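Take a walk through this chain.

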Amino acid sequence: MNSLPEMPVLGLTWGHVSPSLLALPPQDIILASDVFFEPEDFEDILTTVYFLMQKNPKVQLWSTYQVRSADWSLEALLYKWDMKCVRVPLASFDADREHIAASALPGRHTVEMLVISLAEASGSYTQLSGQHQPRDQLGTQAGFKMANSV
């Protein structure tokens, strides 16, 4: 699909280290779509990601999510797990328009993209165009609320 080699997919239960997770080799990128759905799950998600970061400190979590509340925040958890968060403007890869991916959900939905990595990890994410572009550092430096568009 998409002219890519076969990509393994692993189902996870956030916050639980399963035998299949233990056997997983170091990863470069973790793709997660709309996993920041319920605030009570945020720490389990970051705990699992932190475990994977111990195998490869340069791994990044790339995630999109639908903004559901301006009061939800990752800031304290990012600080606790020594992580940083970079907000990726959807316009940077032409995804800032209605009906993206043929979705015609009723109403107005705000979708954000973020990249989470260890705070001390160097480098920046690679845009789909292949260029390296540093972004605003969010998280422990400036705060990050799930609805911010800083």
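**From chain to contacts**

Buried residues account for 32% of the chain's 150 residues. The model is a predicted one. Its accessible surface is about 9,300 Å². Carbon and sulfur atoms hold 55% of that surface.

Next, the secondary structure. The chain has 3 helices and 5 strands. Along the sequence they run α-β-α-β-α-β-β-β.

Now turn to helix α2, residues 42-55. This helix has 14 residues. From first C-alpha to last, α2 reaches 21 Å. That is close to the 20 Å expected at 1.5 Å a residue.

Which residues of α2 are buried? They are Phe42, Ile45, Leu46, Thr48, Val49, Leu52 and Met53. Their arc around the axis is only 160°, so they sit on the same side of α2. What covers these buried residues? The cover includes the helices α1 (19-23) and α3. It also includes the strands β1 (29-33), β2 (60-66), β3 and β4 (111-118).

The aromatic rings come next. A pair of rings is described by the distance of the centres and the angle of the planes. With ring centres required to lie within 6.5 Å, the count is 2 aromatic pairs. One is Phe36 with Phe42: the centres are 5.4 Å apart and the planes stand at 75°. Planes over 60 degrees apart count as edge-to-face, so this pair is edge-to-face. Phe36 and Phe42 are both buried.

Tyr50 and Trp81 form another aromatic pair. Here the centres are 5.0 Å apart, with 50° between the planes. That makes the Tyr50 and Trp81 pair tilted. Where do the two residues lie? Tyr50 is in α2, and Trp81 is in the loop between α3 (75-80) and β3 (83-88). The pair therefore ties together parts 31 residues apart in sequence. Is Tyr50 buried or partly exposed? Its relative accessible area is 27%. Buried means under 20%, so Tyr50 counts as partly exposed.

Last, look at strand β4, where Glu112 is found. Glu112 has 7% relative accessibility. The cut-off for buried is under 20%, so Glu112 counts as buried. What does its side chain meet? A polar contact of 3.0 Å joins the side chain of Glu112 to that of Arg87.

Key. Residues are numbered from 1 along each chain as its sequence is written. This is a predicted model: local features need pLDDT of at least 70, side-chain atom pairs count only at pLDDT 80 or more; totals for chains, interfaces and linings use all residues. Side-chain values use heavy atoms; hydrogens and water are left out. Rings of Phe, Tyr and Trp (its six-membered ring) pair if their centres lie within 6.5 Å; planes under 30 degrees apart count as stacked, over 60 as edge-to-face and the rest as tilted. Buried means under 20% relative accessible area, exposed over 50%, partly exposed in between (1.4 Å probe, protein chains only). Helices (H or I, at least four residues) and strands (E, at least two) are DSSP runs, numbered from the N terminus. The expected span of a helix is 1.5 Å times one less than its number of residues. The arc is that of the directions from the helix axis to the C-beta atoms. Contact means heavy atoms within 4.5 Å. Accessible areas come from the Shrake-Rupley method with a 1.4 Å probe; for residues, only the protein chains shown count as cover. A polar contact is a pair of N or O atoms within 3.5 Å; within protein, one must be able to donate a hydrogen and the other to accept it, and residues adjacent in sequence count only if both atoms are side-chain atoms.
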